Amino acid sequence: MEANIAATERASSLAEVTRLDAAFHDLIMQASGHRRAARFWEGLRYQVEAWLGLMQRRHQAVFHSTQAETVKAHKRLLKVLRSGDAAAAEEEMKKHIVSWRRWLALEADAAARTDRKPTL
């Protein structure tokens, strides 16, 4: 997982950050050993990656902050997952997921301004 985070820090494009972001979550699911959750993630993964790419492309001007936020969040997740504290890991994962609500709101606003439906 550290290699993924380091690669995200070195990424030179949003496309690369998007690919590495989804791959980080692949690693978490593999490490979880939870087959049902892993199957759920497999079904959702490419939709999430496409959505992340769209969101990040829309906000190309903030590439470096997106990259930095992704790296920071993934470092926090890895630290808490390694701590063995299940409750803390659950809480941190919830924070990570909920943080993307901001991007959903931005997408909905952009869709309203361009008179189209949000792409998810």
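Which pattern does the chain follow when read along the sequence? The predicted model, in which residues are numbered from 1 along each chain as its sequence is written, follows the pattern α-α-α-α-α-α, with 6 helices and 0 strands; helices (H or I, at least four residues) and strands (E, at least two) are DSSP runs numbered from the N terminus. Because this is a predicted model, local features need pLDDT of at least 70 and side-chain atom pairs count only at pLDDT 80 or more, whereas totals for chains, interfaces and linings use all residues, and side-chain values use heavy atoms, with hydrogens and water left out.

The pLDDT, the predictor's confidence in each residue on a scale from 0 to 100, averages 82 over the chain, and 77% of the residues score at least 70. Confidence is highest in α1, at a mean of 95, and lowest in helix α6 (residues 101-113), at a mean of 64.

Of the 120 residues of the chain, 38% count as buried, where buried means under 20% relative accessible area, exposed over 50%, and partly exposed in between (1.4 Å probe, protein chains only). In helix α1 (residues 2-10), the buried residues are Asn-4, Ile-5, Ala-7 and Thr-8. These residues are on the same side of α1 because they cover an arc of only 160° around the axis, the arc being that of the directions from the helix axis to the C-beta atoms. Ala-3 and Arg-10, on the other side of α1, are exposed.

With contact defined as heavy atoms within 4.5 Å, Leu-77 touches Phe-24, His-25, Glu-92, Met-93 and His-96, not counting residues up to four places away in sequence. Among contacts in the chain between residues at least 6 apart in sequence, 64% join residues at least 24 apart.

Finally, Arg-45 lies over the face of Tyr-46, at 4.9 Å from the ring centre, under a criterion that requires NZ of Lys or CZ of Arg to be within 6 Å of the ring centre and within 35 degrees of the ring normal.
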